[in-house]
Amino acid sequence: MGYLVLNCLLFSYHASADVVASDAASDAKSDMALQGEKSITLLDKAGNRTEIARVIFEPVEQGSRYVLTMHREQFRDYFLSMKEMKCLEGPELWCHLAYPYEQPRIVTADDLRWLEHDLLFMFKTPKEFGANFWNGIYYKLEVVDGMIKGEAQAIDLNTLASPPDNLNEPPVGEAERDEVDTDKRWLPLIEIQ
């Protein structure tokens, strides 16, 4: 009986050690996802990739500070609704709308909301006139296996027409976002690696 109890204890110890080792490896991958220079790529439904930006992550006490640089040569200039916009051309126009207010540009593996706010887009068909800010795209990001991945969600960008009450909190939350029909949208996926 004592042998059986000892075996159970040893098995339990090894299983918990494996979980700790797995958690440590996962944490290390998450940390690597938020360090150094990374490429930001949008993917269409067929997996075709368009690199749109670079981001540099620098570890700080609160997480990682980032600097985002859009690849403007990938975008064409459009003048929509009295506003100059930088748009990717394809089956839809995919226009980048930088978050217009001051923000800390700090993220953690569990909270990528500020980077999500800097990667806002608006889509429209090439034939439509003007800008349709209710056709906003918000990429919900998460760290997966050492890479940042995301899927498009719908948002009415008119909610950002005036500054939020608290500039230290990202204003777009789950309540402001909705699912997108990814089969109908041109660039439903994003990867940062």
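Predicted model: local features only at pLDDT ≥ 70, side-chain atom pairs only at ≥ 80, totals over all residues.

Reader: Why does Glu116 count as buried?

Author: Buried means under 20% relative accessible area. Glu116 has 1% relative accessibility, so it counts as buried. Glu116 is placed in helix H2, residues 113–118.

Reader: Which residues does Glu116 touch, not counting those up to four places away in sequence?

Author: Its partners are Tyr138, Tyr139, Lys140 and Leu141. Strand S9 spans residues 136–144.

Reader: What makes Glu92 buried or exposed?

Author: The cut-off for buried is under 20%, while exposed needs over 50%. Glu92 comes out at 5% relative accessibility and therefore counts as buried. Glu92 sits in the loop between strand S5 (83–89) and strand S6 (93–97). Leaving aside neighbours within four places in sequence, Glu92 is in contact with Phe123, Lys124, Pro126, Lys184, Arg185 and Trp186.

Reader: Which residues have the most contacts inside the largest nonpolar core?

Author: Those are Trp94 and Tyr139, in a core of 47 residues. Strand S9 gives the largest share of this core, five residues.

Reader: How do you know what Tyr139 is in contact with?

Author: A contact needs heavy atoms within 4.5 Å. Setting aside neighbours within four places in sequence, the partners of Tyr139 include Trp94, Glu116, Phe121, Ala152 and Ile190.

Reader: What share of contacts in the protein chain joins residues at least 24 apart?

Author: Among contacts between residues at least 6 apart in sequence, that share is 57%.

Reader: Which kinds of residue make up the lining of the largest pocket?

Author: The lining divides into nine nonpolar residues, one polar and one charged. Lys counts as charged, so Lys83 in the lining falls in that class. Also in the lining are Asn158, Leu97, Tyr99 and Phe133, among others. The space in this pocket is about 210 Å³.

Reader: Last one: how much accessible surface does the protein chain have?

Author: About 11,300 Å², and 52% of that belongs to carbon and sulfur atoms.

Methods. Residues numbered from 1 in each chain as written. Heavy atoms only, no water. Core = buried A, V, L, I, M, F, W, Y, C linked by side-chain atoms within 4.5 Å. Buried < 20%, exposed > 50% of the residue type's maximum accessible area, 1.4 Å probe, protein only. Helix = DSSP H or I, 4+ residues; strand = E, 2+ residues; numbered from the N terminus. 1 Å grid on protein atoms, 1.4 Å probe; cavity = no way out; pocket = protein on both sides within 12 Å on 5 of 7 lines; lining within 4 Å. Points joined across faces, edges and corners; volume = space filled by probe spheres on them. Areas by Shrake-Rupley, 256 points an atom, 1.4 Å probe, with all protein chains shown as cover.
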